[in-house]
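Please open the structure in your viewer and keep the selection tool at hand. The tour goes from one selection to the next, with a short account of what is there each time.

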Amino acid sequence: MEGFPRSQFNLKLLRLSIDWVSFVCDDCDQTDRQTFRWAMSALNFAMKMTKGNNILALSDSEFSWLRTKIAGCMTLLISHFDIHGARTQSETLRNERDGRQKQKPKDMTRLLEEIAAIFKLATANES
């Protein structure tokens, strides 16, 4: 592909990248983990398609639309880091709390056994 057909193909791919980023920002569930992957892929594709002189083929309105959608996609990525970081931290705290609750009966049993042993020693020393 040389000349005009190649530039037309690149322009269509560039518009596809804008549509893809727009789809991820507007239509996908922002709390879904798959959306994070799709956003990364869409941003990566948009970055590759806007390299070099390809970005110059966009009109001002298309460029502002791309800029707005990229900003929305970056916001989505940042929120995923915040959400999943908080989820991980809360899961860790929940697991620690559950682990402590499971250990309490063992600790109580061990404590009761030690008290019984001390009581036996104390009663054995009295006699």
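Begin by selecting Glu62, which counts as buried at 16% relative accessibility, where buried means under 20% relative accessible area, exposed over 50% and partly exposed in between, with a 1.4 Å probe and protein chains only. This is a predicted model, in which local features need pLDDT of at least 70 and side-chain atom pairs count only at pLDDT 80 or more, while totals for chains, interfaces and linings use all residues. Residues are numbered from 1 along each chain as its sequence is written, and side-chain values use heavy atoms, with hydrogens and water left out.

Glu62 is found in helix α3 (residues 60-126), helices being DSSP runs of H or I with at least four residues, numbered from the N terminus. Show its side chain, and look for the polar contact with the side chain of Arg15 at 2.6 Å, that is, a pair of N or O atoms within 3.5 Å, one able to donate a hydrogen and the other to accept it, where residues adjacent in sequence count only if both atoms are side-chain atoms. The side chain of Glu62 also reaches the backbone nitrogen of Ser59 at 3.1 Å.

Next, select Cys28, in the loop between α1 (4-27) and α2, which is buried with a relative accessible area of 10%.

Finally, select helix α2 (residues 33-49), where the buried residues are Thr35, Ala39, Ala42, Leu43, Ala46 and Met49. Seen down the axis of α2, these fall within an arc of 125°, taken from the directions from the helix axis to the C-beta atoms, so they line one face of the helix. On the other side of α2, Arg33, Arg37 and Lys48 are exposed.

Terms used:
Helices (H or I, at least four residues) and strands (E, at least two) are DSSP runs, numbered from the N terminus. The expected span of a helix is 1.5 Å times one less than its number of residues.
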